[in-house]
Amino acid sequence: MKPATAAKKLGVYLAATPAEFQQGVVSRDELNALQADAPEWLRELRRNGPHPRQVVAAKLGVSIGGLARAGITEALTNDQIDAIKAGNPDWLQREREIQAEFRKETARLREIRRAG
């Protein structure tokens, strides 16, 4: 598979991976090996980042669209994510509320489907 696909499956930011990972092809066996016994570079990326948008969104408790609305388009490190959380800006509060409403509505619709 392409390195971008492998990075997404591993939950890491492709541009922060080693050059040999970015330029190679990753087999299913290699991906499984990376997941089972992560090398130090992978553990470090997962621990401190920079993280891809889907991971940043999850750590902040917002959607990827919410990040875009806030103007956050780049990968962020844990320190940057922690600084945003500590500052608790208005956009973060608003996007967390939107995400909470979305989850409530999704659960409500799931319940209706289950009952019907």
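User: In which helix does Glu-95 lie, and is Glu-95 buried or exposed?
Analyst: Glu-95 belongs to helix α8, residues 90-115. This is a predicted model, in which local features need pLDDT of at least 70 and side-chain atom pairs count only at pLDDT 80 or more, while totals for chains, interfaces and linings use all residues. Residues are numbered from 1 along each chain as its sequence is written, and side-chain values use heavy atoms, with hydrogens and water left out. With a relative accessible area of 5%, Glu-95 in α8 is buried (under 20% relative accessible area; exposed is over 50%, partly exposed in between; 1.4 Å probe, protein chains only).

User: Which residues is Glu-95 in contact with, leaving aside its neighbours within four places in sequence?
Analyst: Contact means heavy atoms within 4.5 Å. On that basis, the residues in contact with Glu-95 are Val-62, Gly-66 and Arg-69.

User: How is the one aromatic pair classed: stacked, edge-to-face or tilted?
Analyst: Rings of Phe, Tyr and Trp (its six-membered ring) pair if their centres lie within 6.5 Å; planes under 30 degrees apart count as stacked, over 60 as edge-to-face and the rest as tilted. The structure holds one such pair. The ring centres of Phe-21 and Trp-41 are 5.4 Å apart and their planes stand at 55°, so the pair is tilted.

User: How many residues apart in sequence are the parts that the pair of Phe-21 and Trp-41 ties together?
Analyst: Helices are DSSP runs (H or I, at least four residues), numbered from the N terminus. Because Phe-21 lies in helix α2 and Trp-41 in helix α4, the pair ties together parts whose separation in sequence is 20 residues.

Terms used. Helices (H or I, at least four residues) and strands (E, at least two) are DSSP runs, numbered from the N terminus.
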